[in-house]
Amino acid sequence: MAGNRLRYLTVDDWVLLQAKAVRRTFKLGEEIIRQGDWGGSIYIIRRGEAAVELAGTGSRAIVAVLGPEDICGDMAFLEQGKATAAVVAKDEEVEVDEIKASDLREIMEAFPRLASRFYRSLALVLVQRLRVTTGELAREMALRDCREKTRRQVGL
């Protein structure tokens, strides 16, 4: 999903973020973020792919695939709450930069323009995710309407 990148950050912004980032490697199938855990960090995928997965009663649904430069953990960061989905490594090795939420907030307090660009970037990420979700919902509604029309025509 190409809409998960922090597009408005400058080279200098990235230097500041990298100073606080810790590079971590996850193996295939390992959870980068566990659904329901407190969102103490954001993650930026550097190498490999990861899937955003929602746990159901007996299964998991993949709702997005993330690649290099994509961000995750942002919703829990914004809400200062729990992760609403899991993020799972889908390659043999997935490298991420982890930035602790407390460190990120400190940087943004010290550099308000970085904060502005970060939140503007995050708003764009969320808008693009909402567009995708809305499109998927519209397709599901159209399929449901088509099935209902067919049932009425058949007399069910």
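Student: What pattern does the protein follow, read along the sequence?
Tutor: It goes α-β-β-β-β-β-β-α-β-β-α-α. In total there are 4 helices and 8 strands. Those are DSSP runs, numbered from the N terminus: H or I of at least four residues for helices, E of at least two for strands. Keep in mind that this is a predicted model, where local features need pLDDT of at least 70, side-chain atom pairs count only at pLDDT 80 or more, and totals for chains, interfaces and linings use all residues. Residues are numbered from 1 along each chain as its sequence is written, and side-chain values use heavy atoms, with hydrogens and water left out.

Student: Why is Cys72 called buried?
Tutor: Buried means under 20% relative accessible area, exposed means over 50%, and partly exposed is in between (1.4 Å probe, protein chains only). Cys72 has a relative accessible area of 4%, so Cys72 is buried.

Student: How many disulfides does the count come to?
Tutor: The count is 0; a disulfide would need a pair of cysteine sulfur atoms within 2.5 Å.

Student: Why is Val127 called partly exposed?
Tutor: Val127 has a relative accessible area of 38%, so the in-between class applies. Val127 lies in helix α4 (residues 112-154). Val127 and Arg34 are 93 residues apart in sequence and 24 Å apart in space, C-alpha to C-alpha.

Student: What share of the protein's residues count as buried?
Tutor: Of its 156 residues, 36% do.

Student: At what angle do the axes of α1 and α3 cross?
Tutor: At roughly 145 degrees, with the axes of α1 (residues 11-20) and α3 (residues 101-110) coming within 10 Å. The axes are lines fitted to C-alpha atoms over the stretch in contact, and angles run from 0 to 180 degrees between N-to-C directions.

Student: Which residues make that contact?
Tutor: With contact meaning heavy atoms within 4.5 Å, α1 brings Leu16, Leu17 and Lys20, while α3 brings Asp103, Leu104 and Ile107. They divide into 4 nonpolar, no polar and 2 charged. Leu and Ile count as nonpolar, Lys and Asp as charged.

Student: How far does the C-alpha trace span along its principal axes?
Tutor: About 65 × 35 × 25 Å.
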